Amino acid sequence: MDLFDAISGRRSCRAFLAEELEKGQIEKLLEAAARAPSPLNSQPWEFIVILSKDIKEKIHAEALRCKQWALEKSGWKWLAKYNADFLKTVPVFIAVIGDPKGTGVDMFLEEGSTGYQHACAAAIQNVLLAAHAMGLAGLWFTFFDKKPMRDILGIDDKKVPIALVCIGKPAGETAPVPRKPLTDKLTWL
């Protein structure tokens with residue numbers, strides 16, 4: 001698949017078939033993640049592959065807790081309709097865990113350590129593009145609080161759960177979402 005076709009064709013998916021993925025498919029996605037750029041080549045990520053139904057249930061419960069809290073805080077009525085049930089059936093989660101010690105020179109700068117988060121984001125994008133190129137679907141999922149997710153996944157307090165990447169075979173077509181015109185988001189200097 002052409003890279004630009006992968007970029008323009010990739011969609012976020014919230015409806016997955018219940019089919020398991022082969023271990024080799026998951027490993028290929030993780031290899032793509034590990035090829036992401038990072039500050040000082042620190043590779044500040046760790047990956048946790050989640051297949052356990054029990055852990056998926058805990059992740060689902062955390063998403064529902066966050067949904068209720070966000071609904072009360074924001075007043076966003078659309079949030080009440082958000083259905084997180086796909087979290088219980090998605091075949092694979094890849095948890096991307098960031099290590100702030102791998103942030104690079106930005107640790108000395110005024111606005112602080114964000115480089116490790118950016119590196120993890122690049123790893124996530126690599127997984128999503130690789131999944132699409134393999135005929136799979138994915139979703140970058142962040143609807144959780146960090147402390148409960150650390151507890152669910154047994155993550156050290158010094159490390160940061162950046163996102164869960166949901167991966168599986170899509171249950172149907174995923175419609176494209178509108179994009180704002182590039183001219184609205186671009187400045188030439």
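Modeller: In this predicted model, a residue is called buried when its relative accessible area is under 20%, and exposed when that area is over 50%. By that rule, M149, R150, I152 and L153 are buried in helix α5, which covers residues 146-153.

Biologist: What makes the buried residues of α5 line one face of the helix?

Modeller: Seen down the axis of α5, the buried residues fall within an arc of 165°, so they line one face. An α-helix has 3.6 residues a turn, so residues three or four places apart point the same way. K147 and D151 lie on the other side of α5 and are exposed, whereas the buried residues pack against β1, α3, β2 and β4. The residue that follows α5 is G154, whose phi is positive, near 70°.

Biologist: Why is A121 called partly exposed?

Modeller: The relative accessible area of A121 is 24%, and because a residue must be under 20% to be buried and over 50% to be exposed, a value in between is called partly exposed. A121 belongs to helix α4, residues 115-133, and this helix lies across β1, β2, β3 and β4, running at about 5° to β4.

Biologist: Why are β1 and β3 called edge strands?

Modeller: The strands form an open sheet in the order β1-β2-β4-β3, with antiparallel pairing, and β1 (45-50) and β3 (137-141) are the edge strands, each pairing on one side only. The twist averages 20° from one strand to the next. Helix α2, residues 23-34, packs on the sheet and touches β1, β2 and β4, its direction making about 165° with that of β1.

Biologist: What makes β2 and β4 a pair?

Modeller: Two strands pair if at least two bridges are found between them, and seven bridges join β2 (residues 92-98) to β4 (residues 160-168), so the two strands, which run antiparallel, qualify. The bridge partner of A95 in β4 is L164. By the same criterion β3 and β4 are paired, in the antiparallel sense, over five bridges, and L139 stands opposite C166 in β4.

Biologist: Why is β3 described as largely enclosed by the rest of the structure?

Modeller: Four of the five residues of β3 are buried, so this strand is largely enclosed.

Biologist: Which residues of the largest nonpolar core touch the most other members?

Modeller: Of its 27 residues, they are F86, L87, F93, F141, L153, L164 and C166. At least two residues of this core come from each of α3, β2, β3, α5 and β4, with α3 giving the largest share, four residues. Leaving aside neighbours within four places in sequence, C166 is in contact with several residues, among them F16, F86, V92 and F141. Another core, of 26 residues, lies apart from the largest one and includes L29, A36, A122 and V165.

Notes: Residues are numbered from 1 along each chain as its sequence is written. This is a predicted model: local features need pLDDT of at least 70, side-chain atom pairs count only at pLDDT 80 or more; totals for chains, interfaces and linings use all residues. Side-chain values use heavy atoms; hydrogens and water are left out. Buried means under 20% relative accessible area, exposed over 50%, partly exposed in between (1.4 Å probe, protein chains only). Axes are lines fitted to C-alpha atoms, for helices over the stretch in contact, and angles run from 0 to 180 degrees between N-to-C directions. Contact means heavy atoms within 4.5 Å. The arc is that of the directions from the helix axis to the C-beta atoms. A nonpolar core is a set of buried Ala, Val, Leu, Ile, Met, Phe, Trp, Tyr and Cys residues joined through side-chain atoms within 4.5 Å.
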